[in-house]
Amino acid sequence: MENLKFENMNLSPEICRAVLDMGFEEATPIQSQAISIIMAGRDVIGQSQTGTGKTAAFGIPCLEQIDAENKKLQAVILCPTRELAIQVSEEFRKLLKYTENIRVLPIYGGQPIDRQIAALKKGAQVIIGTPGRVMDHMRRRTLKMETVKMMVLDEADEMLDMGFREDIETILIKVPEEHQTVMFSATLSPEILSLSKRFLKEPEFIKVVRKELTVPNIEQIYFDVKERTKLDALSRIIDVYDPKLALVFCNTKKRVDEVVELLQGRGYFAEGLHGDLKQVQRDKVMQKFRNGTIEILVATDVAARGIDIDDIDVVFNYDVPQDEEYYVHRIGRTGRAGRTGKAFTFCVGKEIYKLRDIMRYTKTKIVQQKLPTLSDVEEMKTNLFLEKVKSIMEEGHLTKYINLVEKLMQEDYAAIDIAAALLKHNLSDVSVDSIDAIDDINLGGTEIYGGEKMVRLFLNAGKKNKIRIKDIVGAIAGETGVSGKVLGSIDLFDDYAFIDVPSEYVKDIIHGMKNTKIKNKKVNIEMAKKAKNKK
Ligand code: ADP
Ligand code: MG
């Protein structure tokens, strides 16, 4: 079936104009198929992957069917999380840009109930809420379902995964017999089907075929890494590609916290998102991600799914996902709306078999690549810096600085030497120019990965001294000027820690950290006695 133009879908002029204002050129496949059927009053089960426009697929026909003259509650949309309830109501508001007299109200946990009760008293024809809070209001009789004509279960798979089945049933039982029920989901499970058997009347199944589950326009790459080198791999790729927004997926909440801490320790603007966070914290993180104050969001599958951000340039599978379908959801977060995106997967040993399954399932190729080496990173940073210098020269307004150069030249320095010295000064934290600095140190724990030598150092303090990885990185950066970004993995134990560092920084770090304190504890760093890992 061809994708339809919104102009040809018998929409009201107000809603059609609003949709075009939203920048939608044509309906997505799920919208093309679902909108007219829902407008005809049929019950529908719609399935298509995340990011395919399911919200408008039920939003448009839902709003088209609301009687603006009737002030009573007419439609209830159930969403799994507060974020999604807010997102859906924002989309509804946009759709209503030119429509008058339809009131949409989001209700969700975490918001003061009194305020919601007051808002409900004012009347709303459409409620968008989480199951728990909707039930709560039903019990209080601040929400009366008697007049409801349409129920929508958005992200039904997720609601069931989150254990909302009983709540959903409790709500649906209270809706009058004569009503339409619409269910949307990224996946169809037996639970969804059994729920639909019980509550939907001769539903129309609309499924956007699996072939379209893979997201086009995405370069899919995997790196063969060791568990221990994942963080280095991540920071290197980020340094080389320099993405504006990167989304890093981990398989567990604990992993998310770990990775965030390590990234922050290395000076990246990273935050985590997972189910254990309080709503307020989650909102804060999302806000920061949207306005660009963080560049890396680390998340679990459940926390990230359904979150609506369009311009993610890179998705990382820090862990290979357990479920093949998760892979598709994850990489679908980049390359949206025709943009190009990249998906990087870290693969440890036998996980390659899992990756092969994923390739078979998605019918795409995930290509292996070598990790960028430190000198790739250096080259990239140097190029960026030189480009910057060129653009500063093109902009002009340099008189003040030219005067400074002339002053130096009067002291008999050559212009080319001055320029070279300035470059050296600016590029020094990038540069790998003293590989022989460690000649007089015995390279005990040398290991090679990504093309350069890593040396394992020993720190005589650890968790018992209340020292965190962040503190170690901070102290090294502060005392020696060696940026956290070049450090390798740090293993923190109760009484000591191991720090992997590129060989060229070893001398600086050992000398620089003499007689310093971390968290008020006098510390010492020396070469680790024995290689922890054999080459
Ligand atoms: P889903 O619920 O299927 O995961 P959403 O409804 O959240 O997807 O839509 C994902 C993104 O696509 C949103 O930013 C939405 O505004 C946008 N979108 C929806 N429909 C269209 C369309 N027809 N054309 C372009 N963008 C669209
Ligand atoms: Mg959705």
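Strand β8 (residues 218-224) and strand β14 pair in the parallel sense, over two bridges. In that pairing, Tyr 222 faces Gln 368 of β14. Helices and strands here are DSSP runs numbered from the N terminus (helices are H or I with at least four residues, strands E with at least two), and two strands pair if DSSP finds at least two bridges between them.

A word on the model: it is predicted, so read it with its limits in mind: local features need pLDDT of at least 70, side-chain atom pairs count only at pLDDT 80 or more, and totals for chains, interfaces and linings use all residues. Residues are numbered from 1 along each chain as its sequence is written, chains are lettered from A and ligands numbered from 1 in the order in which they are written, and side-chain values use heavy atoms, with hydrogens and water left out.

Back to that β8-β14 pair. Both belong to an open sheet of seven strands with parallel pairing, in the order β10-β11-β9-β12-β13-β8-β14. At the edges stand β10 (270-273) and β14 (367-368), each with a single partner strand, so one side of each has no neighbour in the sheet.

Two helices lie across parts of this sheet. Helix α11 lies across β10 and β11 (296-299), at about 170° to β10, while helix α15 (residues 351-362) lies across β8 and β13, at about 145° to β13. Angles run from 0 to 180 degrees between N-to-C directions, with axes as lines fitted to C-alpha atoms, for helices over the stretch in contact; contact means heavy atoms within 4.5 Å.

There's another open sheet, again with seven strands and parallel pairing, in the order β3-β4-β2-β5-β6-β1-β7. Its edge strands, β3 (104-107) and β7 (204-207), each pair on one side only. From one strand to the next, the twist averages 15°. Inside it, four bridges join β2 (residues 75-78) to β4 (residues 126-129), which run parallel, and Leu 78 sits opposite Gly 129 in β4. Helix α6 (residues 131-139) lies across β2, β3 and β4, at about 105° to β3.

Now for helix against helix. Two packed helices are described by the angle between their axes and the distance between the axes.

| Helix pair | Axes come within | Crossing angle |
|---|---|---|
| α2 (residues 29-39) and α3 (residues 54-64) | 9 Å | roughly 25° |
| α10 and α11 (residues 253-265) | 11 Å | roughly 55° |

By angle, under 35 degrees counts as roughly parallel, over 145 as roughly antiparallel, 65 to 115 as roughly perpendicular and the rest as oblique. That's why α2 and α3 are roughly parallel to each other, and why α10 and α11 are oblique.

The α10-α11 contact uses Lys 230, Leu 231 and Leu 234 of α10 with Arg 255, Val 259, Leu 262 and Leu 263 of α11. By class, that contact has five nonpolar, no polar and two charged residues. Ala, Val, Leu, Ile, Met, Phe, Trp, Tyr, Cys and Pro count as nonpolar, Asp, Glu, Lys and Arg as charged, and the others, Gly among them, as polar.

Finally, the rings. A search of the whole structure finds 14 aromatic pairs. One of them, Tyr 241 with Phe 344, is tilted, at 5.1 Å centre to centre and 45° between the planes. Tyr 241 lies in α10 (residues 230-241) and Phe 344 in β13 (residues 341-347), so the pair ties together parts 103 residues apart in sequence. Rings of Phe, Tyr and Trp (its six-membered ring) pair if their centres lie within 6.5 Å; planes under 30 degrees apart count as stacked, over 60 as edge-to-face and the rest as tilted.
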